Amino acid sequence: MMTSDRMTRRRFAAGLTAVLSAGGVVKQVRADVPRLAIDTHSHVFHRGLKLASGRRYAPDYDAPLNLYLQQLDQNGITNGVLVQPSFLGTDNSYLVECLKATNGRLRGIAVVDPSVAADELGALDRAGVVGVRLNLVGQPLPDLALPEWKALLAQVHALGWQVEIQRNATDLATLAPKLLELGVNVVLDHYALPDPKLGVADPGFRSILKLGASRKVWVKISAPYRNGAAGDAFAKQAYPLLRDAYGIDRLLWGSDWPHTQFETTQNYAKNRKFLDELVTDADERARVLASPRALFRF
């Protein structure tokens, strides 16, 4: 037992690095703690779930939790974020079920009605939800001056959550500043979805770049294929601009699994591999994968 204890202490000591600060204080930092690799955008669902009325689309296949976890394991990803699919509306029960089943490996982004009760938000928070999603594609822009929106966003702010938005860049350039005025963190989906014909020359995208100075906005470098047929080329042009405007710690990689409406051309491994092409420096890439830790409370 003594030998075992000695070896344990040696291993522990070997995993510590003494860092001498300028003030002469020695701090111990674990050197063997693995850096997280976080997938910040994915969806899970199955055909037995109740679909929202007025949905624009519904898949004819299952994308269950166990299959998603396999994708993470096979691609070296430690943690994931489940985003409530728009076709499930505000019924976040399957999302919550999946979060509870994974003991903190996953976080969630919910879809809620603006009039949602505070106790429901609290229950979502305890389950591992860290934000709300506004999928505004094909939808009217919300009037954030209405009392119900102000109340919801005040609660989002109090919980320390984020507001994740999917919308074209031109509208985001108008909407995001209004959200910032209300004090919430803002996450923009899929490179902020500029006009595919204009790409990085889209005035809306150029306005989005200016929001990086706020340090309250994050951009997902995910699903380049949602930015038109030349999405990969666009992403390679957009990434250095976003990196310079926002900093690496405000860029979030997401797989967009299971790539709804693009299932025939996309898969998890392909999107993970594209990240290597997009961010060629290994250390920079590792920082991109790890930087969502604080925002998503991992």
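User: Why is S207 called partly exposed?

Analyst: This is a predicted model. S207 has a relative accessible area of 30%. Buried means under 20% and exposed means over 50%. The value falls in between, so S207 is partly exposed.

User: Where does S207 sit?

Analyst: S207 lies in helix α7. Its C-alpha atom is separated from that of A169 by 8.3 Å. Along the chain, S207 and A169 are 38 residues apart.

User: What makes α7 and α8 roughly parallel?

Analyst: Their axes cross at roughly 30 degrees. Angles under 35 degrees count as roughly parallel, so the label applies to α7 and α8. The axes come within 9 Å.

User: Which residues make the contact between α7 and α8?

Analyst: From α7, they are F205, R206, I208 and L209. From α8, they are F234, A238, L241, L242, A245 and Y246. The residues of this contact divide into nine nonpolar, no polar and one charged. Arg counts as charged, so R206 is the charged one.

User: What do you know about the largest nonpolar core?

Analyst: The largest nonpolar core has 73 residues. I165, L188 and L242 touch the most other members. Helix α8, residues 231-246, gives the most to this core, with six residues. In soluble globular proteins, nonpolar side chains tend to be buried together.

User: What is L188 in contact with, beyond its neighbours within four places in sequence?

Analyst: L188 is in contact with I165, L172, I208, V217, W218, V219, K220 and Y246. There is also a second, separate core of 12 residues. That second core includes L36, V83, I109 and F296.

User: How do you know whether E164 is buried or exposed?

Analyst: The relative accessible area of E164 is 0%. The cut-off for buried is under 20%, so E164 is buried. E164 lies in strand β7, residues 162-166.

User: Why is the pairing of E164 and K220 called a polar contact?

Analyst: The side chains of E164 and K220 are joined at 2.6 Å. A polar contact needs N or O atoms within 3.5 Å, one able to donate a hydrogen and the other to accept it, so the distance qualifies. Leaving aside neighbours within four places in sequence, E164 is also in contact with others, including H41, R133, V187 and D189.

User: How much of the chain is buried?

Analyst: Of the 298 residues, 50% count as buried. The secondary structure comes to 10 helices and 10 strands. Among contacts with a separation of 6 or more, 73% are between residues 24 or more positions apart.

Notes:
Residues are numbered from 1 along each chain as its sequence is written. This is a predicted model: local features need pLDDT of at least 70, side-chain atom pairs count only at pLDDT 80 or more; totals for chains, interfaces and linings use all residues. Side-chain values use heavy atoms; hydrogens and water are left out. A nonpolar core is a set of buried Ala, Val, Leu, Ile, Met, Phe, Trp, Tyr and Cys residues joined through side-chain atoms within 4.5 Å. Buried means under 20% relative accessible area, exposed over 50%, partly exposed in between (1.4 Å probe, protein chains only). Helices (H or I, at least four residues) and strands (E, at least two) are DSSP runs, numbered from the N terminus. Contact means heavy atoms within 4.5 Å. Axes are lines fitted to C-alpha atoms, for helices over the stretch in contact, and angles run from 0 to 180 degrees between N-to-C directions. Angles under 35 degrees count as roughly parallel, over 145 as roughly antiparallel, 65 to 115 as roughly perpendicular and the rest as oblique.
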